[in-house]
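Biologist: I am new to reading protein models. Could you walk me through one, feature by feature?

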Amino acid sequence: AGALYWNRDDALAREEAERLGEGEPEALLFRAVSAARLGRPEARRLFVELFLRQRLSSLHARAWPFLQSEPSFLASFSAAERGLMEGKYHFTQGSWVKGISLVEPALAALPAGSLEGTTIIAEAGTAYASAGRQAGGARFLEGLAAGLEGQARAAALEQAGRLFRRAKEYG
């Protein structure tokens with residue numbers, strides 16, 4: 001699938017990525033990019049899934065520049081989705097403060113249900129810790145948790161507690 005992807009043989013790359021299945025994170029990138037290049041309707045959903053559900057990795061460092069190179073396709077995402085995607089890209093670059101400044105408003109604006117089963121809340125917690133912004137991150141995530149339910153709420157509260165402990169704010 002990789003060679004087909006790089007050669008822009010998108011129809012075959014998409015087929016091969018489908019064959020690799022859901023368990024292969026890079027296959028999701030191949031499927032998303034190939035679907036976008038082919039103008040397939042599932043392309044948006046695949047990119048959102050890539051950025052919300054896949055752990056922070058070099059895939060995000062590759063996906064965001066692709067999206068930037070396709071301005072009309074990028075414009076099909078909401079401002080919150082674009083902020084989350086760009087923020088996660090900055091996390092891959094170690095630009096924690098820049099990433100946080102994009103991810104915070106995105107998390108606050110995304111529908112609460114869209115955060116269920118995602119990795120972004122834990123990644124935001126790591127970014128706050130890496131940026132030395134434990135107390136501020138803890139307060140943001142604690143506030144975010146108030147509007148969430150289920151696993152997303154538990155993740156936000158867990159990260160807030162972790163950050164409060166690191167900031168030595170035991171209140």
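Modeller: Happy to! Let us start with a word we will need: two residues are in contact when heavy atoms lie within 4.5 Å. Keep in mind, too, that this is a predicted model.

Biologist: Which kinds of elements does the chain have, helices or strands?

Modeller: The chain has 11 helices and zero strands. Of its 171 residues, 46% count as buried.

Biologist: Let us look at one helix. How many residues does α7 have, and how far does it reach?

Modeller: Helix α7 runs over residues 79-92, which makes 14 residues. From its first C-alpha to its last it reaches 20 Å, close to the 20 Å expected at 1.5 Å a residue. Just after α7, Gly94 takes a positive phi of about 75°.

Biologist: How do I read whether a residue is buried or exposed?

Modeller: Look at its relative accessible area: under 20% is buried, over 50% is exposed, and partly exposed is in between. In α7, 10 of the 14 residues are buried, so this helix is largely enclosed by the rest of the structure. Among them are Ala80, Leu84, Tyr89 and Phe91.

Biologist: Could we try a single residue? What does His90 touch?

Modeller: His90 is found in helix α7, and it counts as buried because its relative accessibility is 14%. Leaving aside residues up to four places away in sequence, His90 touches Ser95, Lys98, Gly99 and Leu102.

Biologist: And salt bridges? How many does the structure hold?

Modeller: For a salt bridge, look for a side-chain nitrogen of Lys or Arg within 4 Å of a carboxyl oxygen of Asp or Glu. The structure holds five salt bridges. One of them joins Glu123 and Lys88, with the closest N and O atoms 2.8 Å apart. That pair links distant parts of the chain: Glu123 is in helix α9 and Lys88 in helix α7, 35 residues apart. Both Glu123 and Lys88 are buried.

Biologist: Where do Glu26 and Arg62 sit in the chain?

Modeller: Those two form a salt bridge as well, the closest N and O atoms being 2.7 Å apart. Glu26 belongs to helix α3 (residues 25-37) and Arg62 to helix α5, and the two are 36 residues apart. Glu26 is partly exposed, with a relative accessible area of 28%, and Arg62 is partly exposed at 25%.

Notes: Residues numbered from 1 in each chain as written. Predicted model: local features only at pLDDT ≥ 70, side-chain atom pairs only at ≥ 80, totals over all residues. Heavy atoms only, no water. Helix = DSSP H or I, 4+ residues; strand = E, 2+ residues; numbered from the N terminus. Buried < 20%, exposed > 50% of the residue type's maximum accessible area, 1.4 Å probe, protein only. Expected span 1.5 Å × (residues − 1).
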